[in-house]
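Hi,

Here's the structure I said I'd pass along.

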Amino acid sequence: MLHSWLSHGPGGTTATSEDVRTLALDVLAFAGFQKSYPWQSQQAMKERTASTYRDSLAIILQNVLIILVLPARLFSMPFVPKQWQQVGWALRTFKKYMLDQIDDEKRSISEGEAGSKTLVSNLVRAVENQQSTVAGSGLQALKPLSVDEILGNIFVFNFAGHDTTAITFATAIYSLVAYPEVQDWISEEINFYLPDDDSSTWQYEKTFPKLQRCLAVLVSHTSLFLLALAKHKTESLLRFHLSM
């Protein structure tokens, strides 16, 4: 993303908010399914044919309102607009990715392999561990999560996490541009804990808890700007209802 922005030269870029949404998609794709993709700007993604899990997730999040209102089978009908047919492709592709991941995780459990530590892995293993614990204790069995409930949890994770992550990234970047002294403050911390520029040597589990300054910046933006946006939307809705 940084190289893409620098390629615009001294004029800079006006695609910050759109590109951080792509960055948020990449974060969710790796956290949920351990799928990693090369960076592409939002404009580049629009210009090519959708074909990956990330593409399907992006289309679903962009059209989530009509997906929630209309039946899923409608998007596969031949007479609907091309954009809706693309939504149908995204729904089928996304579900297939999720079901394949669930099946792979169940196979890994049956073969005694370690989990991938993704969201899907944790959900599937939690269900399996619950069933094993109940069976071994003789207690009355609790109803485990069904496949549809696992899929629902994954969707909520992506739906709720995408805008929150993207808005936090965007506002943090704008603020760092406005306050270079804060840039220097967190840069000092990052350079101290990650002196090597080779990212393959970085150990996330050990380093992330130490980055307290970075965490302070992100938490402050999550608290201040997301609450401000929620307040603005609430007040706008209230004015709309009062004017009716």
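Which helix supplies the largest share of the lining of the second largest pocket? It's α6, with five residues. Bear in mind that this is a predicted model: local features need pLDDT of at least 70, side-chain atom pairs count only at pLDDT 80 or more, and totals for chains, interfaces and linings use all residues. Numbering starts from 1 along each chain as its sequence is written, and side-chain values use heavy atoms, with hydrogens and water left out.

A pocket here is an open set of points on a 1 Å grid over the protein atoms alone, where a 1.4 Å probe fits, with protein on both sides within 12 Å along at least five of seven lines; lining residues have an atom within 4 Å of a point. Volume is the space filled by probe spheres set on the points, joined across faces, edges and corners. Helices are DSSP runs (H or I, at least four residues), numbered from the N terminus.

The second largest pocket holds about 360 Å³. Of its 16 lining residues, A72, L91, F94, K95 and M98 are the closest to the centre. α5 (64-69), α6 (82-110) and α8 each supply at least two of the lining residues.

The largest pocket has a volume of about 2,500 Å³. It is lined by 49 residues, with L23, V27, F169, W202 and Y204 nearest its centre. Elements giving two or more residues to that lining include α2 (16-33), α8 (147-178) and α11 (212-242). α8 gives the most, eight residues.

Cheers
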